[in-house]
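Hello,

Here is the structure you are taking over. Please open it first and then read the notes below it.

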Amino acid sequence: MKYNPTTFALVATLILSCNAGTKTDNARLPITGTWQLISGTTITGNDSSVIDYTKGQRMIKIINDNHFAFLKHDLNAPADSSNNFDAGGGSYTLAGNAYTEHLDYYKDRNWEGKTFNFTVSIQNDTLIQTGIEKVEAAGVDHKIIEKYARLKE
């Protein structure tokens with residue numbers, strides 16, 4: 001039986017193109033993982049404030065292929081029953097460096113159902129997220145710049 005090189009090339013191209021759009025188990029977005037918030041800058045008008053999240057508190061953001069969640073608490077438990085705990089989450093989309101969070105769960109219901117648009121960049125094990133948080137019912141309208149460090153698995 002003779003093989004025509006053109007036919008062989010065509011069949012090989014068809015086979016490879018069928019698998020080109022298939023997502024493998026090992027395929028991950030570069031943003032997926034667990035991230036620890038290191039610092040956050042909030043800019044409102046001409047005023048800005050920076051919070052060092054490595055002192056006295058800890059916050060992590062967990063991102064899988066289509067959802068995110070964040071959890072924050074004080075490192076030193078208070079003597080009384082108060083607890084400085086914060087959490088939220090929802091779905092997200094990522095197109096290039098345009099990261100959009102759809103907040104489905106949060107302790108302040110004024111934030112739920114809102115969409116927040118950010119720009120993200122990843123340099124080595126550092127994620128930088130920049131965008132506007134605007135929630136009229138909560139009196140919030142500011143720019144944030146958050147820096148996260150990837151936690152090792």
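Notes on the predicted model

Residues are numbered from 1 along each chain as its sequence is written, and side-chain values use heavy atoms, with hydrogens and water left out.

Over residues 5-27 pLDDT stays under 50, and the model has 1 contact (heavy atoms within 4.5 Å) beyond four places in sequence for them. Where pLDDT is low, the predicted coordinates should not be read in detail.

Strands here are DSSP runs of E, at least two residues, numbered from the N terminus. Strand β1 (residues 33-44) pairs with β2 in the antiparallel sense over 6 bridges; pairing requires at least two bridges found by DSSP. Gly 40 stands opposite Ile 51 in β2. The two strands, β1 and β2, form a hairpin with 2 residues between them, and Gly 45 in the turn has a positive phi of about 60 degrees. Strand β2 (residues 47-52) lies largely in the open, because 0 of its 6 residues are buried (under 20% relative accessible area; exposed is over 50%, partly exposed in between, with a 1.4 Å probe and protein chains only).

Asn 124 lies in the loop between β7 and β8. Asn 124 has a positive phi of about 60 degrees although it is not a glycine, and it counts as exposed at 75% relative accessibility.

Regards

Key
This is a predicted model: local features need pLDDT of at least 70, side-chain atom pairs count only at pLDDT 80 or more; totals for chains, interfaces and linings use all residues. pLDDT is the predictor's confidence in each residue, from 0 to 100. Helices (H or I, at least four residues) and strands (E, at least two) are DSSP runs, numbered from the N terminus.
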